[in-house]
Amino acid sequence: MYSIFQAITRGLRSALHFPTLLPLWISTFILGWLQSWPIWSAGEQLIQRPFLGQLASGGTDMLVDLFLKNDSLSMQAPIWLALQIPILIIQHIMYAICAGGMLSVYLANGEFASKSRRFALPFIGLDILLTILLVIIISLGAAGVVIAKSNVWIIPALVMIILLGIIGEYARAIAVVRDRRNPFVIFGQALSFCIHHFAGVALLAIISSIMFVLVLFGYSLIPSIAGLPWLALVLQQMVIFVIVWIKALRLAWAGQYVQATVSSQTFSPQ
C-alpha cells in the first residue's frame, strides 16, 4: 500500500515537468491539424465543434456524417483515410522516442535527450510487438463474432486491448528502471509485474481513466463560441494538452510504481 501511495504522490510531482511534454504535444498538434483538414475546408462554423479533442483521443466517428453530407468532402475521404495509417504510425513513433526521456526525467534517472535516444529503438520494437498482439486480439474477436454470431466477443477483446495498453506502459517503465532494452524481455517482465501487482496497477489505471473522462465531459459542456473560432481553438488545444499530460501522468505513475516496488524489495529484511 505504501508503494502505491508513493507512486501516486511522486508521479503527480514528476509529471508537472511540463518541458518534457512539449515534443509530444507539438507533434500531436501538427498531426491533429493534418487529420482535421477536411473540416477546415468545410467552413469556419465547423471549427467550433470539439473535433480536435476527439481526434486527440483517437475518435474519428464524428467525421462520418460530415463526409456523407458534404459532396466535396466525400471526394476527399479516400485521401483522408489513406493518411490515417501513416499519421497513426508517426504518433506512435513520437511517443516511443519521447517516452524513455520522459520516464528518465520523472525518475531522476538521466537527461531527456540522451535517454530518449537510448530507448527509442527498443520502444519502437515494443510498439511493433504490441501492434502484432493487437491485430491478433482483434482478429480473434472478429472471428468469435462471425462464428458465434454474437457481439459478446467484442467485450473480452476490448478488455484485452485495454490490458495490452497498460502492459505497454509498464514495459516502458521497467525498461528505464531496470535499464533493459530487449522488447520481449520488458514485455514479459511487465506482464509479470501487472499480474503480481494487479490491485495497484488497476487502481492507477482507473484513476487516470476517470481523469480522462472528466476532462472530455467538462469540455463537452463548454458552449460553442460564436464569432470567436480562434478562441475555441485555444480551448481545444488546452484540452489536448491536458490529455497529453494525463498520458504522461500514466507513464509517470507506472515508472514510480515500478521503482517504488523495486526499492521496497531491495531494502526489505531477508
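D179 comes directly after helix 8 and has a positive phi, near 55°. Helices here are DSSP runs of H or I with at least four residues, numbered from the N terminus. This is a predicted model, in which local features need pLDDT of at least 70 and side-chain atom pairs count only at pLDDT 80 or more, while totals for chains, interfaces and linings use all residues. Residues are numbered from 1 along each chain as its sequence is written, and side-chain values use heavy atoms, with hydrogens and water left out.

Helix 8 itself covers residues 154-178. Its 25 residues reach 36 Å from the first C-alpha to the last, close to the 36 Å expected at 1.5 Å a residue. The expected span is 1.5 Å times one less than the number of residues.

Helix 9 takes up residues 183-196. Its 14 residues should span 20 Å, and the end C-alpha atoms are 20 Å apart, which agrees.

The buried residues of helix 9 are P183, I186, F187, A190, F193 and C194. Seen down the helix axis, they fall within an arc of 125° (taken from the directions from the axis to the C-beta atoms), so they line one face of the helix. Buried means under 20% relative accessible area, exposed over 50%, and partly exposed in between (1.4 Å probe, protein chains only). The face turned away from the buried side carries the exposed residues F184, I195 and H196.

C194 counts as buried because its relative accessibility is 8%. C98, at 3%, also counts as buried. The structure holds zero disulfides, a disulfide being a pair of cysteine sulfur atoms within 2.5 Å.

Terms used: Helices (H or I, at least four residues) and strands (E, at least two) are DSSP runs, numbered from the N terminus.
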